[in-house]
Amino acid sequence: MARIPDAFIDDLLARTDIVEVVGSRVPLKRQGREYSARCPFHDERSPSFTVSPTKQFYHCFGCGAHGTAISFLMNYDRLEFLDAVEELAKRCGLEVPRDTQQRNQSGESRELYSALEAAARFFQQQLTGSQKARAYLERRGVDAENQARFGIGYAPDGFNGLKDALGTDERRLSLLDKTGMLSKSDSGRVYDKFRDRVMFPIHDRRGRVIAFGGRVLEKDDGPKYLNSPETVLFHKGRELYGLWQVRQAHSKIPRLVVVEGYMDVVALFQFGVNTAVATLGTATTPDHAELLFRNAADVYFCFDGDRAGRGAAWKALESVLPRMRDGRQAFFLFLPEGEDPDTIVRKEGAGGFDARLAQATPLSEFFYNELSKDVNLAGMEGKARLAERAKPLLANIPDGAFRDLMQQRLTELTGVGQRAEAAPAAAATPSMRGGRSGAPAPKRSLVRTAIALLLQQPALADAIEPPYQFGVLRQPGIALLMELIELARARPGITTGAVLEHFAEREEGAALQKLATQAFPGEVAAWRSEFLDALAQLDRQTRQQRIEELQVRINEVGMSGLSDPEKAELRELHAAR
Ligand SMILES: [Zn+2]
């Protein structure tokens with residue numbers, strides 16, 4: 001995947017004004033230091049969407065949507081990361097740096113795209129000439145409009161249809177091969193991969209054909225679905241069949257329904273449910289989950305009600321958990337034995353299908369139902385087992401209200417985990433006995449305070465110089481604090497938004513976003529001294545930590561067992577205290 005240097009992203013964000021980018025798409029109203037609007041990502045009457053010119057990010061207090069100018073374009077214009085970067089770069093007259101190898105590759109990609117486009121046309125022509133393929137689509141109720149919408153075609157029987165039509169010279173043959181359209185026998189003979197199948201082109205998010213799925217016409221003619229292999233252009237774990245068509249049908253996608261086969265997507269469309277997509281012969285991956293949620297806040301997973309279906313649903317749930325930021329919802333719909341979305345929508349129409357969606361199981365319910373299936377919650381052992389199973393999974397949910405509620409539900413079910421979140425903050429207190437006496441226990445931990453202040457004003461990092469004593473303090477968040485300080489010092493003038501962009505793909509991202517969004521109490525002018533004060537206290541705790549380490553040594557080997565430098569260090573530590 002193309003990698004753009006972080007420094008370029010920082011520079012780009014420094015030269016972009018998020019207020020302009022958002023304001024040209026959503027009417028903004030000035031309100032004190034910030035701008036507000038009705039949120040473009042969820043329906044609301046009163047504005048809870050704010051854009052901060054100083055922090056250079058946006059945040060919605062209603063649905064939790066947030067990010068920089070880049071993520072705004074990704075979500076609002078539905079661009080991919082690279083395209084959003086290109087778009088902003090164009091605005092400020094920057095050229096996106098890419099290495100030369102990349103440039104050569106993109107020359108070849110263009111040729112690969114046109115080879116696939118030509119293959120799609122070839123299959124469509126073949127469909128016109130094939131009585132049995134047309135009869136199949138007619139039987140499935142797919143009309144001409146939907147055949148065109150999905151670009152459905154037919155790969156002829158025989159071994160050389162496509163190869164003879166398009167692979168007319170060595171170069172073209174090699175392109176077809178690179179797009180995964182050919183197979184090779186043990187004896188080295190090259191032939192068409194797809195034969196006697198209804199062909200569904202798979203489009204990328206710009207509507208280009210990147211692969212195919214082929215479906216057999218009759219049962220027992222080999223595997224029901226056959227996909228293109230992974231190629232330079234096609235990574236099945238990152239693509240969703242039908243997403244392009246769904247996007248074309250909506251200016252704002254109300255929800256997405258994930259089904260198993262291409263034919264399900266097409267049939268649902270045909271009968272008026274134009275929000276379905278399918279994974280391509282794989283379980284739902286975390287990449288899929290992110291892609292789904294980037295397009296719609298509500299995602300419905302549709303599975304067979306049998307054992308295999310529930311297994312697949314659980315896999316999907318595991319992929320979705322780390323992406324469950326506030327404002328996103330996932331549901332699971334289990335179909336009756338022997339039915340699939342195609343047969344249901346045929347019998348019950350769009351209305352019937354929608355009614356089933358309305359009854360779908362929320363993620364939270366499915367989660368606890370599955371985990372407690374073979375557990376007796378009346379007994380202590382059962383409760384403990386449920387808690388044991390749930391904890392590592394809950395830990396994957398990003399920080400936020402949804403995670404709190406899931407945690408709360410676990411507590412209701414088991415009594416385990418009450419005030420579990422208070423633990424890290426409390427851990428900071430015991431070693432503070434060497435600190436100022438009589439001071440009330442701080443509400444946030446010191447580390448949290450320092451991080452929150454840095455996020456409000458990254459330039460605060462210039463107020464200190466390495467080496468940082470507190471770097472070796474064993475407390476949650478120290479490594480993150482160090483990283484933030486180093487980042488802010490390496491990139492003078494970096495905005496809050498750009499800092500968050502660095503962490504967008506990381507676990508800590510959500511927590512940092514939350515801290516950055518909270519208005520920090522007190523005068524801006526006082527932040528610097530508060531920041532320095534917090535770090536000074538951390539330094540003090542670090543010295544205390546070292547004293548305790550040496551104390552442990554003394555308990556083991558006696559005072560006389562310490563080396564001279566250790567004794568000197570201990571004297572200094574006590575003096576500094
Ligand atoms: Zn919102």
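## Helices α16 and α17

The axes of helix α16 (residues 380-394) and helix α17 (residues 401-414) come within 10 Å and cross at roughly 170°, where helices are DSSP runs of H or I with at least four residues, numbered from the N terminus, and axes are lines fitted to C-alpha atoms over the stretch in contact, with angles from 0 to 180 degrees between N-to-C directions. The two helices α16 and α17 are therefore roughly antiparallel, a term for angles over 145 degrees, just as angles under 35 degrees count as roughly parallel.

In the contact (heavy atoms within 4.5 Å), α16 contributes K383, L386, A387, A390 and L394, and α17 contributes R403, M406, Q407, L410, L413 and T414. By class, 7 of these residues are nonpolar, 2 polar and 2 charged, with Ala, Val, Leu, Ile, Met, Phe, Trp, Tyr, Cys and Pro counted as nonpolar, Asp, Glu, Lys and Arg as charged, and the others, Gly among them, as polar.

## Basis of the model

The model is predicted, with local features requiring pLDDT of at least 70 and side-chain atom pairs pLDDT 80 or more, while totals for chains, interfaces and linings use all residues. Residues are numbered from 1 along each chain as its sequence is written, and side-chain values use heavy atoms, leaving out hydrogens and water.

## Helices α19 and α20

Helix α19 (residues 446-456) and helix α20 (residues 478-490) have axes that come within 10 Å and cross at roughly 25°, and α19 and α20 are therefore roughly parallel. Their contact joins V447, A450, I451 and L454 of α19 to I478, L480, L481, L484 and I485 of α20, and its residues comprise 9 nonpolar, no polar and no charged.

Definitions and conventions
Parallel < 35°, antiparallel > 145°, perpendicular 65-115°, else oblique.
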